[in-house]
Amino acid sequence: MPGTTETLEKQVTGATVWLTGLPSAGKTTIANELAEQLRTDGRRVEVLDGDEIREFLSAGLGFSRADRDTNVQRIGFLAELLARNGVLTLVPVIAPFADSREAVRKRHQAGGTGYLEVHVATPVEVCSVRDVKGLYAKQAAGEISGLTGVDDPYEAPESPDLRIESHTQTVQESAAALYALLTERGLS
């Protein structure tokens, strides 16, 4: 049509990449490293950090199974919303129960939105040494209970899209492995 300016927007495929694993496994560190690389490539990326979500979206929830499920479903909803709008959404969130993660996967499938599950498979012994937030020390001292993988269950994914053993490689190598998966799936 004469006189109109047409803008062509590149169609970008969004997806959710859920990084699950024990506390201090390296999920957020890997997600932030990958996000930096993807942004350098010009990719729209968001990191939905579990601690930030608990503070801003899930304040008031505890750590009962029902509250953990509610938290995961809220994050899953937000991730799918972002992903279906072209944002590559990295979700470094423990999500200890397989059925909660499966519900998030199904939500994505129902909307035709890409979803990858990445297991950051760091042994509890390594996580307790890293102890980024001091949770393992607090649990050992009896100050807290319900620590995922110690005195509360963690159901590791049986067949994730990628398993990263962060204790045997650098953060950069872990992020590179995930970047390679995204490239292979046409999502980088």
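Ala, Val, Leu, Ile, Met, Phe, Trp, Tyr, Cys and Pro count here as nonpolar, Asp, Glu, Lys and Arg as charged, and the others, Gly among them, as polar. By that scheme, the lining of the largest pocket divides into 15 nonpolar, 13 polar and nine charged residues. The model is predicted. Its largest pocket has a volume of about 850 Å³, and a search of the whole structure finds nine salt bridges.

**Largest pocket**
- The pocket is lined by 37 residues, and the closest to its centre are Pro23, Asp51, Ile94, Lys133 and Leu135.
- Helices H1 (27-40), H2 (50-56), H3 (65-84), H6 (135-140) and H7 (171-184) each supply at least two lining residues.
- H1 gives the largest share, four residues.

**Salt bridge Asp51–Lys133**
- Asp51 pairs with Lys133 in a salt bridge, with 2.6 Å between the closest N and O atoms.
- Asp51 lies in H2 and Lys133 in the loop between H5 (124-130) and H6, so the pair ties together parts 82 residues apart in sequence.
- Asp51 is partly exposed at 42% relative accessibility, and Lys133 is partly exposed at 49%.

**Salt-bridge network**
- Glu102 and Arg105 form a salt bridge, their closest N and O atoms 3.8 Å apart.
- The two sit three residues apart in helix H4 (residues 98-110), about one helical turn.
- Glu102 is partly exposed at 33%, whereas Arg105 is buried at 18%.
- Asp161 forms a salt bridge with Arg185, with the closest N and O atoms 3.3 Å apart.
- Asp161 lies in the loop between H6 and strand E5 (162-164) and Arg185 in the segment after H7, so this pair ties together parts 24 residues apart in sequence.
- Shared partners join Glu102, Arg105, Asp161, Glu184 and Arg185 into one salt-bridge network.

Methods
Residues are numbered from 1 along each chain as its sequence is written. This is a predicted model: local features need pLDDT of at least 70, side-chain atom pairs count only at pLDDT 80 or more; totals for chains, interfaces and linings use all residues. Side-chain values use heavy atoms; hydrogens and water are left out. On a 1 Å grid over the protein atoms alone, a cavity is a set of points where a 1.4 Å probe fits but cannot get out, and a pocket is an open set with protein on both sides within 12 Å along at least five of seven lines; lining residues have an atom within 4 Å of a point. Grid points are joined across faces, edges and corners, and a volume is the space filled by probe spheres set on the points. A salt bridge is a side-chain nitrogen of Lys or Arg within 4 Å of a carboxyl oxygen of Asp or Glu. Buried means under 20% relative accessible area, exposed over 50%, partly exposed in between (1.4 Å probe, protein chains only).
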